[in-house]
Amino acid sequence: MTLDIKVDISRCKSVAVGAEHGIAPAELREIAPRVEAAHEILAQERRDGDYGFYDLYKAADVFDDVENAADAFLAKGYDNLVILGIGGSALGTTALVTALKPPFYNTLTKRSRGGHPRIFVMDNIDPVSFRQMMRVCQPKKTLYNVISKSGSTAETVTQLLIVVGAIEKKLGKDAVKDHLVVTTNPRGEAKSLLHPVTDHYGLTEFAVPLNVGGRFSVFSPVGMFPAAMLGMDIEGMRAGCEAMDRRCSTPSLMENPAYLRAAVQYLADTRKGKVMSVMMPYSDALRDAADWYRQLWAESLGKRVSLDGEEVYAGQTPIKALGVTDQHSQVQLYREGPNNKLFNIIEVRRFEKTLRIPQALESIPEFDYLRGASMNKLMAAEVRATMDALKESVRPVSRVVLPRVNAHTVAQLLYMLEVETAMAGRLYNVQTFNQPGVEEGKRIARALMAPKSE
Ligand code: PA5
């Protein structure tokens with residue numbers, strides 16, 4: 001069975017949903033040279049080292065460091081790993097945990113977790129949940145990993161202050177190095193306010209390359225140290241990235257899955273009024289991959305000015321949904337509300353488990369069609385039914401099929417979506433890799449927190 005993930009845009013085409021809502025062959029032919037030209041620019045920028053996300057999976061020395069450090073920390077037998085971080089520092093890890101660890105992972109015994117710690121990704125500053133986490137994850141049994149590229153994000157720094165205060169109070173200053181790991185900007189190349197924290201306590205520190213933005217950093221130590229601590233198949237992920245990198249190395253629109261998806265989404269938005277992009281995986285394991293993608297797509301493409309300095313207010317609004325759950329919440333709107341959305345349905349060909357529906361409640365003949373079948377078959381039928389129903393309502397669907405959910409296929413998916421976003425940025429002609437709108441919010445929050453002078 002091949003592990004390659006598959007992209008299918010046939011249900012986005014005009015032949016499927018009509019020319020008003022679907023992409024015509026002529027439109028794909030027309031955009032192909034633009035995609036090829038953009039590929040040349042991206043490839044040159046990659047060679048120049050402008051964007052490091054493409055090559056993260058190749059950094060063998062970084063993976064060695066991360067895995068060696070994880071082994072050393074695992075030997076200390078922590079019960080909990082707590083991630084302190086927000087946005088790109090948190091969403092990748094959450095996506096990987098949900099995809100690659102068993103459901104309800106934190107509720108399993110340590111033995112069933114393979115001796116690995118429970119995981120808590122704290123990406124908010126809600127005092128109720130943070131306080132509760134501090135109760136559940138006592139410093140003595142916990143390793144905290146503070147992740148902030150800049151080292152100055154107020155939310156993350158607040159979490160750090162609380163955690164350091166608690167470790168010092170309960171275990172003493174000398175114990176901080178055994179309970180806190182820092183992931184931040186590289187030394188010498190950029191400043192981070194976390195560098196002095198590392199120096200003060202003698203902490204383990206990982207660097208996120210300067211040319212890798214937070215939301216593109218999942219395959220750096222940002223996502224890979226937690227992955228190693230949880231015993232994920234890192235080599236499988238690296239192989240998945242490599243396989244997708246190979247597939248995405250061609251400038252050809254029809255052969256490059258990331259470029260094809262980027263072009264379709266761009267055309268759907270700018271020519272067919274599909275100003276929203278729904279990602280709806282039919283798999284609980286992939287629900288947080290949709291959340292991770294939501295940030296990637298929103299923060300990368302939502303830009304006021306173009307690369308030429310013109311006001312463009314670009315960007316398609318990403319929406320996360322979950323099949324089949326949201327069939328009973330959103331699909332009414334999706335089928336009969338405004339036809340302004342493109343649907344990205346993520347399908348899993350083979351689930352890791354099969355669940356048979358037993359011969360129960362036989363006195364009710366109306367359940368006959370379910371008895372003896374499997375939950376897997378019902379899931380497959382529901383995906384098909386939703387896609388067919390959307391087609392009937394002339395709603396375009398772009399489909400991604402994962403042969404199964406594992407480290408290899410999930411890495412392919414995330415890597416493809418990163419390359420897709422990079423290409424989409426070129427098509428929208430915006431700066432994909434910055435986030436001035438976020439930075440401005442951070443600055444204002446800091447100013448509001450500063451003590452007022454009389
Ligand atoms: O993608 C991004 O760059 C952002 O979402 C950042 O990850 C987020 O703002 C957190 O920033 P930092 O890692 O500097 O704390």
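## Basis of the model

In this predicted model, local features require pLDDT of at least 70 and side-chain atom pairs count only at pLDDT 80 or more, whereas totals for chains, interfaces and linings use all residues. Residues are numbered from 1 along each chain as its sequence is written, and side-chain values rest on heavy atoms, with hydrogens and water left out.

## Domain arrangement

The protein is divided into domain 1 (6-46 + 237-438) and domain 2 (53-232), with bounds that come from an automatic or database domain assignment. Taken over C-alpha atoms, the centres of domain 1 and domain 2 are separated by 30 Å. Across the boundary, 35 residues of domain 1 are in contact with 25 residues of domain 2, where contact means heavy atoms within 4.5 Å.

## Ligand site

Both domain 1 and domain 2 give residues to the shell around the ligand, so the ligand lies between them. Of the 14 residues around the ligand, S148, K149, S150, T153 and Q295 come nearest; a residue is near a molecule or strand if one of its heavy atoms lies within 4 Å of it. By class, the shell has one nonpolar, nine polar and four charged residues. In this classification, Ala, Val, Leu, Ile, Met, Phe, Trp, Tyr, Cys and Pro count as nonpolar, Asp, Glu, Lys and Arg as charged, and the others, Gly among them, as polar.

For R215, a backbone N or O atom lies 2.9 Å from an oxygen atom of the ligand. The protein covers 93% of the 380 Å² of accessible area that the ligand has on its own. Accessible areas come from the Shrake-Rupley method with a 1.4 Å probe; for residues, only the protein chains shown count as cover.

R215 lies in the loop between strand 6 (204-207) and helix 8 (221-229). Helices (H or I, at least four residues) and strands (E, at least two) are DSSP runs, numbered from the N terminus. With a relative accessibility of 3%, R215 counts as buried; buried means under 20% relative accessible area, exposed over 50%, and partly exposed in between (1.4 Å probe, protein chains only).

The side chain of R215 makes polar contacts with the side chain of S300 at 2.9 Å and with that of Q435 at 2.6 Å. A polar contact is a pair of N or O atoms within 3.5 Å; within protein, one must be able to donate a hydrogen and the other to accept it, and residues adjacent in sequence count only if both atoms are side-chain atoms. Leaving aside neighbours within four places in sequence, the residues in contact with R215 include G88, W292, Q295, L296, E299 and K303, as well as E418, T432, F433 and N434.

G213 is partly exposed, with a relative accessible area of 25%. G213 and E362 are 149 residues apart in sequence and 57 Å apart in space, C-alpha to C-alpha.

## Buried helical elements

Nine of the nine residues of helix 8 are buried, so this helix is largely enclosed by the rest of the structure. Among them are P221, M224, F225 and M229. Just after helix 8, G231 takes a positive phi of about 70°.

Q412 lies in helix 14 (residues 407-428) and counts as buried, at 0% relative accessibility. Beyond its neighbours within four places in sequence, Q412 is in contact with L3, D4, I5, G240, M244 and R247.

## Backbone geometry in loops

Most residues other than glycine have a negative phi, and most peptide bonds are trans. A cis peptide bond, with omega of about -5°, joins G323 and V324. V324 is found in the loop between strand 10 (317-320) and helix 12 (331-336).

L361 has a positive phi, near 50°, and lies in the loop between strand 11 (341-348) and helix 13 (375-392). L361 is exposed, with a relative accessible area of 56%. V394 has a positive phi near 50° and is found in the loop between helix 13 and strand 12 (397-402). V394 is partly exposed, with a relative accessible area of 32%.
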